[in-house]
Amino acid sequence: MFKSQDKGASWTKLDGTLFDTAWLHDLKFNPHDTNKLLISSSSFKESWMPNYTTNEGLWEYDISNQIFTQLRTTDTYEVAFDAVSTTTMIAIWEDGIHISTDSGMTWTSQQPFSYNYRYFVTPHPTNTNHWFFGYWNAIFDNGIIETTNGGLTFQEVKYNGGTNNAKLTYPPYAATNYNPSFANASSCLSFSPANNSIAYTGDWYGVWRSEDANLNLSNGNASNVDNSNWSWDWTAQGIHSLVQLRIGQHPTIDGLFYNCVADIGYYKAENYGATLEHKTAIPISSVYKIAFEKNDPLIGYAVGKQYNNLGRITKTIDGGNNWFEPSSGNPFVMSFFENGGASTITDLEIADNADESLIVGIEKGSMPSQIYRSDDQGVNFYAWDDGISGINLFKVWTSIDHLVQSADGQSFYTWNENKFYKRHLNDAAWQTITPPAGADKWIAQCISHPIDPNTIYVSHYGFGIYKSVDGGNSWTNLPMTGVANTELAISPDGQKLVVVDAENFDQNRAQKLFLTLDEGVSWQTLSTDCLLTPAVGIEFLSNEKLIAWTEGTGSHIIDLVNNQITETGSLFTKIDNIIDNIPGSSGDDYMPPTTDQMDDWELMLDYLWNGNLDAAATIAFTLQYDLVTFTDDSGEIYYILESQEINGNHWGTFVFNPNACQTNLVIQSPHPKNDLNTGQQGVHIFETISASFYMVAGTHRCNSSTYGGCSGSTSTCGSSEDYRISDMAHTEVSMFQRTTAFLLDKIPDVYFMQLHGFGWDPDEPYIILSNGTTIAPAVDLLTPLGDSLLLIDPTLTYGVAHITPSLPLKGTTNTQGRLINNSPAPCTVAATQNVGRFFHIEQEYSKLRANQSAWDKMGTAINQLIKNVNINQVSLPSGRYQAKHTLTAQTSVEALGDVLLQAGECVLLAPEFEVEINSTLEVSIENCGSGQ
């Protein structure tokens, strides 16, 4: 239960965990005491799930003291207050209508007509004891009933004949066959607060409006077909039901599919939904399946039901522009299934043979069989369910195919509960297959492999996923993910398998989609942000696009590999938000990568480095990462490797600048949570001086409770202990380390600036600089860096590890430093040389880490250092040079052709350019980082 005080822009949870294991149905202010709210709730359980339910019933919430009081301890669905009586309440319980005249202390029960009333209860806005109820009694008898005497008597109003039916009016665009019955699964009845004569109700087929609601809804003295007093106008123009039934794909046109809905017609989607058109398959109202022939894709069939609630099949020979009844050629002539009394045709498959046989599954109604076959394109049908003993295989509420065709186009599977069958076109009868999890286990779904005709997959409610490569004779149990695997989908190439799962249902039933590329050995979680309600069906549209559909919000396409993930905004803000949300110092969220994953990561980096974004994004996805092309507000473009934060790997965030000025400069922030602000400082410096690469850890260094075994110890997580595997500066098994190794190999003369922070003592310098060792380098760049910082801020002091080995925090056990300094085993073996390319920078907080102006000190010093490094060579050979190189009086330049000015490289001089001793060459590189 949530509260908003800003018109829904933000919400506050009020109930803690009280209703985490209950369904909430209704919430009503007490009109006689607006400080009180009533909440109705029911138990949270499914037949295949453990009963994790408490706190169902009727509750009162006191707004002033924020206290919940339970008034009833069993399922309650709807609740309302009488418009006049201050003590009269009406509620819907499991067994019907209940009325209290003493503010809920005692209740009397009513069950008129033995209906299910879990839809709504609406009191008349001005009349006492005058109430309306929405009910359900199978699909033909939905509607509204009324009492005008406080529940002593009730009247039905069905509008199914006589003057009742005559009081329903339809707009001009609703042809004869479009006239729906009234209040079919009506979910509400609302009175206009400005004019109580106006009332509205909404149902499966649109919205109804009455302007004579000042009368009683029904005339209790009249017959059932002549007892209505209200008239209603119906509309569905522009309002279409999103109760999704199936997806039908075109066999030859990529990206063309059909959303079949419990509405008038269907939605034709082209180019993977880029173009959407609402169409009809007259006279079908609810279209359950659309399919087209492979041999002649202009010929197709639609099945479902009409408004008379009888099964219907229609045919098209022009790709869906016109539909007709197959045997007569007339859309409105009664079909075989209407004449036979089928309730609904729910399933359709077109067999691959010369005659284009049709196989349909029906909700039987009054027909003798469940499956029918036509061998003449729908003109004649005959029963084809020989050998099936299960009943109700095809149900109107089913949103997935229950008739499944194998890759050979001539073998079929069907199932119901724990009964499973298979049949070839040439077989005399259906053969029974024992469900793979056992004869007592219910099947959730069966799908067939798109290429191998003998391979099928079956999911069992709560008992896993099974694969058969011999048509169901034997089974292999795939490694399962989640708790209750249900709907399945397989990609056209047969390489990807997706399953819907209701995960963590004991707490909050957060539905998830899982993808496996290796038959269940490993699973990846797909984003379900687009699914606002639970998915009832999934299917692949291509190898890279999945479509999922829901009960109430239509269908949604999920890109499995989206090579066009783009974002705009502030890079600093994005990284700052990521750092704010990474796990803290506990929780065991960090999961180290496997060797194979690190190998894949390195391959992905290579693709990214060489500009193959599609290949890089594909591998990134398999590693649960997104490759984001990010356009900063400045106009600079960056490539971000951002964790999808699934399965809890938390390997970090990595940013590549393909147009860097400082192409040989890498900024690292291995302890963004522990060393406060070093993550934000790192990305700020990265942007400001236009460095090549930035990386920041994905958790606090103390997050994992597992120790990594690398040499050294720390007290930062408490008492002195070994380094943990979540400490990116002290582990060899990480994407942080593998990325460092990749960049070390890929970038000539690369420099790594690793930012740290420490708790400063007055006896210590403000900055401690080292190359990860106390060994002196051939060229000391730490002292120039420190000197630059003193020029920027004379109040600073610094120390250099190879000059003052007694300094603390020298980074001698840092695995990146050991790697860069050529240690043969960075985890356990200290470096025996100093190449001068790893900068371990420890910083006091107030002067260097507190804010942007403090960060700029380090950024400016680094920028000056790398730009002004002297190559100290007598002769400069031809070739490409990095931004750090400068020309000096001791340098001779060979004739290299035309002058080339390029960010990140030296200036190359034309042959006619003469260099004189003691002359000066000035070069200005514009628009290359704000620090240039």
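In which loop is the place of proline 283? Proline 283 lies in the loop between strand 23 (275-279) and strand 24, where strands (E, at least two residues) and helices (H or I, at least four residues) are DSSP runs numbered from the N terminus. This is a predicted model, in which local features need pLDDT of at least 70 and side-chain atom pairs count only at pLDDT 80 or more, while totals for chains, interfaces and linings use all residues. Residues are numbered from 1 along each chain as its sequence is written, and side-chain values use heavy atoms, with hydrogens and water left out.

| Site | Value |
|---|---|
| Isoleucine 282 to proline 283 | cis peptide bond, omega near 10° |
| Tyrosine 272 | positive phi of about 55° |

Most residues other than glycine have a negative phi, and most peptide bonds are trans. Tyrosine 272, which is not a glycine, is found in the loop between strand 22 (266-270) and strand 23.

Strand 24 pairs with strand 25 (residues 300-305) in the antiparallel sense over 6 bridges, and the bridge partner of lysine 289 in strand 25 is valine 303.

Helix 4 (residues 595-609) packs against helix 7 (residues 735-746) at an angle of about 40°, with the axes 10 Å apart; axes are lines fitted to C-alpha atoms, for helices over the stretch in contact, and angles run from 0 to 180 degrees between N-to-C directions. That makes helix 4 oblique to helix 7, the class left after angles under 35 degrees (roughly parallel), over 145 (roughly antiparallel) and 65 to 115 (roughly perpendicular) are set aside. The contact (heavy atoms within 4.5 Å) includes Trp601 and Leu605 of helix 4 and Phe742 and Leu743 of helix 7.

A search of the whole structure finds 2 disulfides, each a pair of cysteine sulfur atoms within 2.5 Å. One of them joins cysteine 702 to cysteine 717, with an S to S distance of 1.9 Å. The torsion about this S-S bond is about -90°, so the disulfide is left-handed.

Note on methods:
Pairing = 2+ DSSP bridges.
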